[in-house]
Amino acid sequence: AQSVTQLGSHVSVSEGALVLLRCNYSSSVPPYLFWYVQYPNQGLQLLLKYTSAATLVKGINGFEAEFKKSETSFHLTKPSAHMSDAAEYFCAVSDTGNQFYFGTGTSLTVIP
Amino acid sequence: NAGVTQTPKFQVLKTGQSMTLQCAQDMNHNSMYWYRQDPGMGLRLIYYSASEGTTDKGEVPNGYNVSRLNKREFSLRLESAAPSQTSVYFCASGTGGPRNTQYFGPGTRLTVL
């Protein structure tokens, strides 16, 4: 089965600082990779996804992620954190079927 | 469009009671999914339905049953609730296949005493 590992269950950054959330995947086949965001008491919504086109993927709200096959990574970045970015972020991977595997999540705190 | 709706939003059950969580989507999606979210464990797939008339087990199907009633609706049933099933349950829908974006409902918070 596929899996993803998110390093750091909690990340704190100052407003205006770089956001870096880490995700590594294990996959025996070329994966499809996703980042979702969950605001308090809400469902998840898609930030961005990698589906084997460009390795640098741009998403909503200024987030982007780079697929690095050699490092089996798909880290999420944003150059300048905003207070509204405080949320929980999930990396996910899917295989050739219909199953999706989510990481354990990273809670992002933005300090004013 | 309402997107994905779930009922109820909150539920408290006693051990051994049964209940059905309802999910509906109005986006004409083929695939629907049920997940549970537990602290420190992320989301885990319980069951999914790739298309109307089909259902398949996910990672954690034990203690649950599902019904894909029609293209719009996908219900999750707990026949005999256990405290280990205390969780937040999310329904999602998508066009299907490994590249598809999933659209999530707002969740049902279930407590089993």
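Where is Thr72(A) found? The legends below take this up along with some other spots. This is a predicted model, in which local features need pLDDT of at least 70 and side-chain atom pairs count only at pLDDT 80 or more, while totals for chains, interfaces and linings use all residues. Residues are numbered from 1 along each chain as its sequence is written, chains are lettered from A and ligands numbered from 1 in the order in which they are written, and side-chain values use heavy atoms, with hydrogens and water left out.

**View 1. Thr72(A) and its loop.** Thr72(A) is found in the loop between β8 (64–68) and β9 (73–78) of chain A; strands here are DSSP runs (E, at least two residues), numbered from the N terminus. Phi of Thr72(A) is near 45°, a positive value in a residue other than glycine. For background, most residues other than glycine have a negative phi, and most peptide bonds are trans.

**View 2. The cis peptide bond of Thr7(B) and Pro8(B).** A cis peptide bond, with omega about -5°, joins these two residues. Pro8(B) lies in the loop between β1 (4–7) and β2 (10–13) of chain B.

**View 3. Where chain A meets chain B.** Here 24 residues of chain A are in contact (heavy atoms within 4.5 Å) with 26 residues of chain B. The buried area, meaning accessible area (1.4 Å probe) lost by two parts on being put together and summed over both, is about 1900 Å², and carbon and sulfur atoms give 52% of it. Look for Asn98(A), Phe100(A) and Phe102(A): they supply 31% of the area that chain A buries against chain B, more than any other three residues.

**View 4. Ser107(A) and its contacts.** Ser107(A) sits in strand β12 (residues 106–111) of chain A. Leaving aside neighbours within four places in sequence, Ser107(A) is in contact with Ser9(A), His10(A), Val11(A), Ala87(A) and Glu88(A).

**View 5. The largest pocket.** A pocket is an open set of points on a 1 Å grid over the protein atoms alone, where a 1.4 Å probe fits, with protein on both sides within 12 Å along at least five of seven lines; lining residues have an atom within 4 Å of a point. The largest one has a volume of about 590 Å³, the space filled by probe spheres set on the points, which are joined across faces, edges and corners. Of its 28 lining residues, the closest to the centre are Gln38(A), Asn41(A), Gln37(B), Val88(B) and Arg109(B).

Technical notes: Helix = DSSP H or I, 4+ residues; strand = E, 2+ residues; numbered from the N terminus.
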